[in-house]
Amino acid sequence: MTDFKRDGSNLAYCPPVEKWDDWVELDPEAWPRRVEKHYDLVPTVCFNCESACGLLAYVDKENGKVIKFEGNPMHPASRGRLCAKGPATINQIHDPDRVLYPMKRNGPRGSGKWTRTTWDEVLETFGSRIRKAIQEGRGEEVMYHVGRPGADFVMERTLQAWGIDGHNSHTNVCSSSARLGYLLWHYSDRPSPDHANARFILLMSAHLESGHYFNPHAQRIIDGKMAGAKLAVMDPRLSNTASMADYWMPTYPGTEAAVLLAMAKVILDENRFDSAFMRKWTNWEDLEVDGFSAKGQSFESAIDALKKHYAKFTPQFAEKESGVKADVIVKIAREIAAAGSRFASHLWRGSASGNLGGWQPARALMLLHVLTGSVGTEGGHNLNAWNKFVPKPYKVPPPQTRWNELLYPQEWPLCTHEMSFLLPHFLKEGRGRIEAYFTRVFNPVWTYPDGFSWIEMLRDEEKVGLHAALTPTWSETAWFADYVLPMGFSSERHDLMSQESYAGRWIGFRQPVNRVLRERKGEKFEYTYQSNPGEVWEEDEFWISLSWAIDPDGSMGIRQYFESPYRPGEKLTVDDYYGWMFDHSVPGLPEAAKKEGLTPLQYMRKYGAFEVTRDVYKQNEKALSEAELVDSKVDPSGVVTKSGKAIGVVVEGKPVVGYNTPSRKLELFSKTMADWKWPEFTLPEYYRSHIHRSAQTASLGEPSEDFDPTYAPKVEWPEHAKGDVYTLLPIFRLPNLIHTRSGNAKFLYEISHKNPLWINPEDAKRMGGIRTGDLMKVHTEIGYFVLHAWVTEGLVPGVVACSHHLGRWRVNKDDQVERMSSAWVDLKEVGKGQWKMRQLESVLPYDSPDPETKRVWWSDAGVHQDITFPVHPDPVSGMHCWHQMVRVERAHTGDRYGDIFVDTNLSFAVYQRWKALARPAPGPGGLRRPLWIPRVVRPADSAYYFK
Ligand code: SF4
């Protein structure tokens, strides 16, 4: 046996690339005999969250079976390391309950009756329906609705080739509020923090355990900490991340912007800000506040106006609002100022996604970066667009000239993403219908608020003509589809991905492991489903084939985008698509491949990832080239324009790229907000969330002078709601679960399978001595759910919490369901719009070809809380404000664990109350939304105007 050194310096890290064709390990099942097993190691990319970490599939040379997944050391972002969900891919691909063949319903929608069909029949059915809709000018009735994207640009290109405005996404229940806060400053809607080189890191998310790109980010946060950086975490809940921090700031939910602005005030008042940076890179000259206009005034007078404006945000005021001690606020503000350009932070979901006005914490956080000059710097805040690389495919279609009001309705002109969670209400209001609907790795009945309204929409064939659920697993939404179409997991599909994981740009290539290995050995496949389990397909080939089915003879102009660049008139293959892109659109890749005697495609198949560059800082300072300056003009504010579009800005006499904002600078002052009817929000501000204590008092009909109904309507409790009022935090992630597709991943569910109600001991006492395990009833504005209590000091008093990752359910007991993660339920509509659900049987071990299913030892599937939440569209960002005001009491006699009740008539009424607070378009010039604000699958400029 090897003598291992105690410091681990002689431990193997990951199998070296030169041994991937024949990696040898001892067979653990043969122990204590030393039997060697030989493996092919094939790189691919994890599909279990947005991080896109590199996986290595271990394929047994004897039988061609994938036996495990570990990290790919050649992947620049994940560097060979994975979270629990990466290796659990093995459970997903061998799941005996997964969808293996295309299935078609043969009873009423939702009846659970299915028969197997063929891919050809699917293509013919959808191809002809979509063709007819497009030819009749009803392209908006075709909608693609994505849950977890897992690929860059393929769908944008496909939908634009079809000429429709049909892309819908889950983003408005996920991250749009934070995105608005960021993009108002600099156009990019996400940060790319350089944690590894930071001196101070402030997390308003749980990035050591979850959150966006968390495995790659967690590694860099720890790198930063090991190099001496301090870590502060602002979170009402003691997350695992907060437990690792130097400072935990447990805020009362929704008050985070007050704390951040108090920190800004300290930095301003104590003159600790980077005045040279602010003078050079903010649009301070546009500032108009409290009667002061900076036009023609000095920079110092603008700073004085800012100091006066933020004078109300004293640390004491912030303490009163948030509960975070004033002296802690001051201390951290000073540490942030001391870190200067090496201050990194992240805000994603959390306070941004939970609260009314959740876009303001992101905006206030950016103010701290601007004050410290930590934008675009080593160790600071960089822009996602600088660190994410999306190569251009061959033949990009022109933008669509149509606008779909079901996606971007006029009430929310500043929403960064589609108002997807309101779709059932839009159809109920008669705003349109859907002819062909694709839900793709997406389970809105379960993951969205107000899931019963989704059921009502999906079962109505007038509203939704034809629905295909593209999914690897059965789900609550697939249940109400007409077709369930099996899509592949990490090792069964092609995709190209890139994320802003660190100070560098990279691409990762997901590939179907069996197909790649068998083709290496000389076999040939026309389609990936021929080498996958059952007839599991990959989406690239599905969309290519569907496009041919829509336009079989090319007369609609669609097919041309799905023909091979190498064999004119023949169908595009995945090798054509990615091979062309790697040859032409990834700088440095052809040269790197050539050095090894490979084509770029062979290189990507061999390594699975490629780092494009590390030259990513201060992209705003890039000089405009002479060619770019030809025929350009400079306006009085210094903005450089060409053909009527801004392309840069003159800074200190030099024309540089700047930022993609109207002023081409960081927008301290947003004229856009004033132009679009929100003049009170031209600067970063704090206003109270819909769950603020003043709103709670008002909901009980008690006098509440502080309650301001300008932005959130007063809550109206249904008759049955009793008990004290609390704020429910419903959106924290469990680090090892993945919403729907981890359903039958035993390695994950045996770690987490309960989502109890977190209650602070003070509150437990106030409620009459609640103890862990007691049965509680939680009332929302539209219904209730029943679950167990967990008494813990891990969150602030006045707040309860419940993870949204659990509570899966199934209507069928055994067939076409996921048995390991869901409770078998009785689901009934007991009156018009009144829904009841009761658990009949919890999780049990069962026989299947996978021995793991007999080893299921737990019985709890959790409780589905999201389905009891009404929609709360933020009047500005449009994002669903997830936090709920709830009333909590002990369960009554007759209540059972997992009981759920909802009245969708009430949910429609709540929707109407929130909608009334929005300030609809048109904006200046008859625009539907500002031209400069990005939009997913952006249409032509002409479509932005009301006709
Ligand atoms: S963080 Fe985990 S789930 Fe996400 S891609 Fe990486 S290994 Fe997969």
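Gly340 touches Thr372 and Ser374 when residues up to four places away in sequence are left out of the count, contact being defined as heavy atoms within 4.5 Å. Gly340 is found in the loop between helix H11 (326-339) and strand S15 (343-346); helices (H or I, at least four residues) and strands (E, at least two) are DSSP runs numbered from the N terminus. With a relative accessible area of 13%, Gly340 is buried, where buried means under 20% relative accessible area, exposed over 50%, and partly exposed in between (1.4 Å probe, protein chains only). Gly340 and Phe200 are 140 residues apart in sequence, and their C-alpha atoms are 8.8 Å apart in space.

The model is a predicted one, in which local features need pLDDT of at least 70 and side-chain atom pairs count only at pLDDT 80 or more, while totals for chains, interfaces and linings use all residues. Residues are numbered from 1 along each chain as its sequence is written, and side-chain values use heavy atoms, with hydrogens and water left out.

Helix pairs come next. Two packed helices are described by the angle between their axes and the distance between the axes. Here the axes are lines fitted to C-alpha atoms, for helices over the stretch in contact, and angles run from 0 to 180 degrees between N-to-C directions. Helix H4 (residues 176-186) and helix H13 (residues 359-372) have axes that come within 6 Å and cross at roughly 40°. That angle makes H4 oblique to H13; angles under 35 degrees count as roughly parallel, over 145 as roughly antiparallel, 65 to 115 as roughly perpendicular and the rest as oblique. The crossing of H4 and H13 is right-handed, a term used if the near helix is turned clockwise from the far one by less than a right angle, with left-handed used if anticlockwise. On the H4 side, Ser177, Ala178, Leu180, Gly181, Tyr182, Leu184, Trp185 and His186 meet Trp359, Ala362, Arg363, Leu365, Met366, Leu367 and Val370 of H13. The residues of this contact between H4 and H13 divide into 11 nonpolar, 3 polar and 1 charged, with Ala, Val, Leu, Ile, Met, Phe, Trp, Tyr, Cys and Pro counted as nonpolar, Asp, Glu, Lys and Arg as charged, and the others, Gly among them, as polar.

Helix H2 (residues 119-135) and helix H19 (residues 539-550) form another pair, with axes that come within 8 Å and cross at roughly 55°. H2 and H19 are therefore oblique to each other, and H2 passes H19 in a right-handed crossing. Trp119, Val122, Leu123, Phe126, Gly127, Ile130, Arg131 and Ile134 in H2 are in contact with Phe542, Ser545, Leu546, Ala549 and Ile550 in H19. By class, the residues of the contact of H2 with H19 are 10 nonpolar, 2 polar and 1 charged.

For helix H7 (residues 256-269) and helix H10 (residues 315-322), the axes come within 9 Å and cross at roughly 170°. H7 is thus roughly antiparallel to H10. Ala258, Val259, Ala262 and Val266 supply the H7 side of the contact, and Pro315, Phe317, Ala318, Glu321 and Ser322 the H10 side. The residues of the contact of H7 with H10 comprise 7 nonpolar, 1 polar and 1 charged.

Helix H22 (residues 600-607) is mostly covered, with 6 of its 8 residues buried. The buried residues in H22 are Pro600, Leu601, Tyr603, Met604, Arg605 and Tyr607. Their cover includes strand S2 (36-45), strand S21 (505-510), helix H18 (513-520), helix H20 (574-584), helix H21 (589-595) and strand S22 (609-613). Gly608 follows H22 and has a positive phi, near 80°.

Some backbone details also deserve a look. Most residues other than glycine have a negative phi, and most peptide bonds are trans. Val441, although not a glycine, has a positive phi of about 40°. Val441 sits in the loop between strand S17 (434-440) and helix H16 (444-447) and counts as buried at 12% relative accessibility. Asp450, also not a glycine, has a positive phi of about 65°. Asp450 is placed in the loop between H16 and helix H17 (451-458), and is buried, with a relative accessible area of 1%. A cis peptide bond joins Trp31 and Pro32, with omega about 10°; Pro32 lies in the loop between strand S1 (23-26) and S2.
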